[in-house]
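User: Please take a close look at the aromatic rings here. Keep it simple, as I am new to this.

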Amino acid sequence: MITDEKIFLLRRSHKELVDEDTIYKKYLDPYMEKLPDNVRRIWEYSFMEMMNNAIDHSQAEHVYFLVSQTYMDTAVILSDDGVGIFRKIREFYDLHSLDDAVNELFKGKLTTDRKNHSGEGIFFTSRMLDSFCAISDGKIFTHDKYSQLASDLEDIESFRNWKDNAGTTIYMRLSNNSKRLVKEVFDMFSDVDGGFNRTRIPLKNIYETYPVSRSQAKRLCNGFEKFREIELDFAEIDEIRQGFAHQIFCVFQNGHPEITLTPLNMSEEVKKMIHHVKNSI
């Protein structure tokens with residue numbers, strides 16, 4: 001049962017899209033002040049990062065956000081009428097498709113303004129929360145199961161026509177009793193010096209069927225050189241083809257011996273193919 005739900009509208013023309021910390025303190029603090037300290041810290045980081053993206057990157061004139069809080073959890077939906085996150089990434093990096101733009105977000109260190117932004121906000125926010133998705137131009141970035149999330153979105157009145165919505169919409173949800181810590185999430189992807197040098201990529205969220213070609217592998221490896229350690233999560237990927245495996249574990253790996261590639265959650269067929277290409281050199 002919902003105990004509290006409210007929608008807020010901010011307009012650039014009225015100078016309401018100002019500093020994200022000011023917006024957080026004015027609108028979110030009343031919902032967060034009674035929550036545990038670790039939960040408040042996650043919301044502070046997540047909301048401010050996503051609001052900053054809307055202010056600095058979206059070119060939006062209007063941003064609205066809905067806060068919905070029950071005894072069990074809190075959800076925030078933030079939506080703007082700007083250019084659209086995936087479209088902007090595709091154009092900035094000259095990518096082949098919007099799907100390629102979505103897939104780049106799984107790696108991290110992706111920004112269209114390197115001078116002023118690190119490209120870490122969406123990466124870490126998506127891992128701190130219980131549920132997170134970014135929606136734009138009919139595409140979804142999420143670590144949740146895509147088909148289930150799409151179905152769940154259509155059960156929410158304001159999301160029923162999500163495929164037709166302009167701009168970018170961010171959905172965030174976290175248990176009010178979460179034991180997660182901001183620090184532990186950062187530590188998962190950082191080296192001993194605290195640098196963001198490790199990433200983990202869930203391949204099931206990138207490929208609708210099993211990956212086949214060298215071209216797919218080349219697009220996947222784009223940006224890998226930014227990291228020292230890369231975990232490739234093959235959960236729910238039943239098999240891969242020789243060209244895909246050879247491009248990653250032979251061509252890319254031989255060209256970048258300083259980078260550690262670690263495949264995880266492999267099926268027997270995936271293990272056999274990776275073993276096959278490594279031993280065919």
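Analyst: Start with Arg-127, which lies over the face of Phe-123, 3.6 Å from the ring centre (for a charge over a ring, NZ of Lys or CZ of Arg is within 6 Å of the ring centre and within 35 degrees of the ring normal). This is a predicted model, where local features need pLDDT of at least 70, side-chain atom pairs count only at pLDDT 80 or more, and totals for chains, interfaces and linings use all residues. Residues are numbered from 1 along each chain as its sequence is written, and side-chain values use heavy atoms, without hydrogens and water.

Next come rings beside rings. The whole structure holds 15 aromatic pairs (rings of Phe, Tyr and Trp, the last by its six-membered ring, with centres within 6.5 Å). Take Phe-132 and Phe-141: their centres are 6.2 Å apart and their planes meet at 75°, so this pair is edge-to-face (over 60 degrees; under 30 is stacked, the rest tilted). Both Phe-132 and Phe-141 are buried (under 20% relative accessible area, with a 1.4 Å probe and protein chains only). Elsewhere, ring pairs join Phe-8, Tyr-24, Tyr-27, Phe-47 and Phe-65 into a cluster.

Now look at Phe-227. Phe-227 sits in the loop between H8 and strand E8 (229-233) (DSSP runs numbered from the N terminus: helices, H or I, at least four residues; strands, E, at least two). Its relative accessibility is 3%, so Phe-227 counts as buried. Its contacts (heavy atoms within 4.5 Å) include Lys-107, Phe-196, Arg-198 and Ile-259, leaving out residues up to four places away in sequence. Glu-258 is 31 residues from Phe-227 along the chain, yet their C-alpha atoms are 9.5 Å apart.

Conventions:
Buried means under 20% relative accessible area, exposed over 50%, partly exposed in between (1.4 Å probe, protein chains only).
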